[in-house]
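I opened this notebook to record what I looked up in one structure. The entries follow the order in which I worked.

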Amino acid sequence: MEKPWKRLTGLVAATFTPLTAQGEVDLSVVEPYAEYLVQKQGVKQVFLNGTTGESVSLSVEERKRLAEEWCKIGKGRLDQVVVHVGCPSLKDSRELAQHAAAAGADGIAVISPSFFKPSSSTALRMFLKEIAAAAPCLPFYYYHIPSMTSVHLPARDVVRGIEKEIPSFRGVKFSDQDLLDFGQCVSSCPSDWSLLYGVDEQLLGALAMGATGAVGSTYNYLGRKVDHMLLAFNKGDLVQARAVQVLGFGLPMNKQLMSEVSGLPLGPPRLPLLPCPEQDVRAVVGKLLSILGEE
């Protein structure tokens, strides 16, 4: 029996991939990771194998193992597990989409290929359609992140009317600072879609433009803090909301901050990314703990 589709709203943690000191995927961290998100941060939705999860540095097999573990651990703990399945290879993407459906994921997302780039929104839609067709039972999201893909096609041109070609299409993970493009997506999308913003440090502006949720790395360890911002915004208290808006960090720093704040052994980033100097991490951790009101 197929799962009933649930609209994806609110905060979604873009998960880090736990690695050993030798750079191997460490699945033993997934269960305490999920518990930390739920118990300490109040976050019960995850987006895995995305940019924060270093997906393009992982093998297809590693991504499958992570999806299986998160889906297994998430049952009864998490509300939604969304798996990013995008790859440069269309066949690999389709394989991961089928696997996500079999593993029990609640949705899939796909990024644009970035080596051989789509020349138009039509070409990109064709690519997305082929992958969505491999798992038609799952809600499908377009993951827009031109800073990483260098594919600067306006998201509004990609998603406008796309539900006619992809019946399972349910929204956008918009990870770009162009709030005009994001706002045009909001105004042209069906009201039941999920408009998920992905630039953590600019979330407040996106809420004003109509974001229905957010996917980000800082929500792993600042989930409760950012939830206060959402509550303040919904009450119309912009002064309080601005006071809570947090900064963003690069992936290596973010991963190390999560390890320091949570106590989870997430390990280093995978090459070619390098860890941040320990003194820099300690300085940022001190500021974070001050913000969180901890010693």
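**Entry 1: the largest pocket**

How do the residues of the lining of the largest pocket divide into nonpolar, polar and charged? I worked on a predicted model, and I counted 18 nonpolar, 19 polar and six charged residues in that lining. I then looked up the volume of the largest pocket and noted about 920 Å³ of space. The lining comprises 43 residues, and those closest to the centre of the pocket are Thr51, Thr52, Tyr143, Ile145 and Met148. I also checked which elements contribute to the lining: helix 5 (146–149), strand 8 (213–216) and helix 11 (251–262) each supply at least two residues.

I next turned to charged pairs and found 12 salt bridges in the structure. One of them joins Glu54 to Lys255, with 3.0 Å between the closest N and O atoms. I located Glu54 in the loop between strand 2 (45–48) and helix 2 (60–74), and Lys255 in helix 11; the two are 201 residues apart, and the pair thus links distant parts of the chain. Are these two residues buried or exposed? I recorded both Glu54 and Lys255 as buried.

**Entry 2: a second pair involving helix 11**

I found that Glu260 and Arg282 also meet through their side chains in a salt bridge, at 3.2 Å from N to O. Glu260 belongs to helix 11 and Arg282 to helix 12 (residues 278–292), so this pair ties together parts that are 22 residues apart in sequence. I noted Glu260 as partly exposed, at 31% relative accessibility.

Asp157 has a relative accessible area of 30% and is partly exposed. Arg160 also counts as partly exposed, at 43% relative accessibility.

**Entry 3: helix 4**

I finished with helix 4 (residues 121–132), which has 12 residues. From its first C-alpha to its last, helix 4 reaches 16 Å, close to the 16 Å expected at 1.5 Å a residue. I recorded Ser121, Leu124, Arg125, Phe127, Leu128, Ile131 and Ala132 as buried in helix 4. These residues cover an arc of only 160° around the axis, which puts them on the same side of helix 4.

Terms used
Residues are numbered from 1 along each chain as its sequence is written. This is a predicted model: local features need pLDDT of at least 70, side-chain atom pairs count only at pLDDT 80 or more; totals for chains, interfaces and linings use all residues. Side-chain values use heavy atoms; hydrogens and water are left out. On a 1 Å grid over the protein atoms alone, a cavity is a set of points where a 1.4 Å probe fits but cannot get out, and a pocket is an open set with protein on both sides within 12 Å along at least five of seven lines; lining residues have an atom within 4 Å of a point. Grid points are joined across faces, edges and corners, and a volume is the space filled by probe spheres set on the points. Helices (H or I, at least four residues) and strands (E, at least two) are DSSP runs, numbered from the N terminus. Ala, Val, Leu, Ile, Met, Phe, Trp, Tyr, Cys and Pro count as nonpolar, Asp, Glu, Lys and Arg as charged, and the others, Gly among them, as polar. A salt bridge is a side-chain nitrogen of Lys or Arg within 4 Å of a carboxyl oxygen of Asp or Glu. Buried means under 20% relative accessible area, exposed over 50%, partly exposed in between (1.4 Å probe, protein chains only). The expected span of a helix is 1.5 Å times one less than its number of residues. The arc is that of the directions from the helix axis to the C-beta atoms.
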